[in-house]
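Here is a short report on a ligand site and its surroundings. Please look over the sequence and structure first.

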Amino acid sequence: MDQYDYIVVGAGSAGCAVARRLSDDPALGVLLLEAGGPSDGFWNRTPAGVARLHKSEQFNWNYMTLPVPGLRDRTIYWPAGKALGGSSAINGMVYIRGDRRDFDNWAKLGNPGWGWDDVLPYFRRSETNARGSSAVHGGDGPLHVTNPAIVHPTVVDFIRAAEMCGLPRRTDFALGEQEGSGTVQYTIRNGERHSSYRAYIEPVRDRPNLVVETGAHVCRILFRERTATGVELIQGGQKRTIFANREIILSAGALRSPHLLLLSGVGDGRQLQNHGVPLVAHLPGVGRNLQDHLTVRVQAETNRLSSYNRDLRGWRKYWQGARYVLTKGGYLALGTSSAAAFFKSSASVEYADVEISFRPMTFTAHPSGKVEVDGYDAISGSVYRVRPASRGQVGLASPNPLDAPSIQPNYLGAPEDLEATVAGIRVLRQILSTEPLASRIRKEIVPGSIADTNEKLADYVRRDAASVFHPAGTCKMGNDDMAVVDSNLRVRGIERLRVIDASIMPVVTSGNTNAPTIMIGEKGADLVRSERLVPQEREALAPTT
Ligand SMILES: Cc1cc2nc3c(=O)[nH]c(=O)nc-3n(C[C@H](O)[C@H](O)[C@H](O)COP(=O)(O)OP(=O)(O)OC[C@H]3O[C@@H](n4cnc5c(N)ncnc54)[C@H](O)[C@@H]3O)c2cc1C
């Protein structure tokens, strides 16, 4: 009989960290199950290969949302990684932790142990930062976090112009205070994408107590009354059942973790009844509280030297390719945005709630999936409200585990999200029209100068906005009726089952979500392990600052 101490479902950002840390104890047998396959080809490793992974059938689940009322009933494309590394195997590699108040708020919402001071040691433990070891950065963790291989002069001018507009210059966004503008760091090591798999699992893949299985689509969790005992999965067309002596940990991401709970009978009783799924536990919060960052573009044509579009086209593209192969540097070694700016959308907001991701290049994503760098010189800024008030939900589209979940993000359901986004566009426009950046800009392409009133900008947002791919919150941690896991990440009312991934965030962090999800994996693994330890051993396990 297939049996392990721990079964971790999903080898994504969090799952890889969980499996690595659990298997650090050689006495524990750990199985890591992943529906996708390996992701170690040239374009998986090359940062610019992110364009090739867009809509990839092999590495991406390629979800579509239901029609979103706030976006003129458009359906929105939602990529998610389906490979070793999960979404960290296809993401933009930007490393942002969030604001200290995000985590302090999690603690206030009934989650002791999740405040900034509590989670900082786990951020530190996760990383080897190019800035070296310090009170905030790790110097010997699995995940390598590095500075951009190249900083284009337009990026420097963006930061200067933002400073002229009152945004302080930030040399490091990881300190718990993000307001301001600066270059970002990336999860890139020696010029190659450092996915959670490459960081956490690849170096320990030969451990005798760690088994990694790919092509293993988990279909449901098995229960003895309210105790999780195993999982049922399909692998190579065959059904398998695997049992856990101790616990099952769902790390299948903010869409698939709640989906798996629902498929297994844990969720809102009425929804389960509608789909003929036998009820194990009525937990109405499963799949609710869905949050995502909705982004809108501002693009502007520039003069010749102010964009690197032309470096990625024609013969120059081959020069950049050769440069990358020979030196692991140049434009192919960059993450998807070069600089970020964080600011408050209005004076009444407590701390920065809008992010701009800026890059001195533009591209067009064709419906076929092909992503093409534009044939003119241009820059782009993506504007998004990082603490949206809108809440959506993930549910069952059918009881078939191989069907995608239904996704209703309900973007702009809360009117203040639209107001904040429009305010963000105005701030970006102000930066673009401030020296030293202004003299690089020829004209705004989208939304274009015709969008000159708040109403026209709001209309543009509804017509053009898209996901920036940060879903979270669908198995929220807390102690209210809609909470799905407690602050130890145990599924409420169920024994031996936890969720450890982006779904547990009660409120999405103010920024990109990969780094905080990896932190959740680090801390979650300690919560699992420490439960069986005496206080002294527990203390030895916890990282220190
Ligand atoms: C295109 C894209 C770009 C992004 N860019 C950035 C960025 O630049 N910076 C940033 O901070 N964040 C970024 N993000 C977000 C970030 O990557 C995610 O928040 C983070 O990876 C989520 O981690 P997770 O562990 O919750 O889920 P995932 O990393 O998605 O892992 C879930 C894993 O579970 C597997 N799985 C799912 N269902 C099953 C099943 N039934 N059986 C077995 N396995 C299963 C999946 O295949 C996947 O490998 C981006 C995301 C995407 C999709």
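Predicted model: local features only at pLDDT ≥ 70, side-chain atom pairs only at ≥ 80, totals over all residues.

Residues are numbered from 1 along each chain as its sequence is written, and side-chain values use heavy atoms, without hydrogens and water.

**Ligand site**

The ligand is surrounded by 37 residues (a heavy atom within 4 Å). S13, E34, S87, T513 and N514 are the closest. The shell holds 16 nonpolar, 17 polar and four charged residues; Gly counts as polar.

| Residue | Protein atom | Ligand atom | Distance |
|---|---|---|---|
| E34 | polar side-chain atom | oxygen | 2.6 Å |
| A35 | backbone N or O | nitrogen | 3.1 Å |
| V218 | polar backbone atom | nitrogen | 2.9 Å |

Alone, the ligand exposes 990 Å², and the protein buries 94% of that (Shrake-Rupley, 1.4 Å probe). Elements giving two or more shell residues are α1 (13-23), β13 (216-224), α8 (253-263) and α13 (514-530). These are DSSP runs: helices H or I of at least four residues, strands E of at least two.

**S257**

S257 sits in helix α8. S257 counts as buried because its relative accessibility is 0% (the cut-off is under 20%). A polar side-chain atom of S257 is 3.0 Å from the backbone nitrogen of A252.

**Surface patch**

F42, W43 and V325 make a nonpolar surface patch, with about 260 Å² of accessible area together. Patch residues have over 30% relative accessible area and no salt bridge, and nonpolar side chains are joined within 5 Å. A salt bridge puts a Lys or Arg side-chain nitrogen within 4 Å of an Asp or Glu carboxyl oxygen. V325 belongs to helix α10 (residues 314-327).

Key: Polar contact = N/O pair within 3.5 Å; in protein donor to acceptor, adjacent residues only side chain to side chain. Patch = residues over 30% accessible without salt bridge, like charges linked within 9 Å, V, L, I, M, F, W, Y side chains within 5 Å. Buried < 20%, exposed > 50% of the residue type's maximum accessible area, 1.4 Å probe, protein only.
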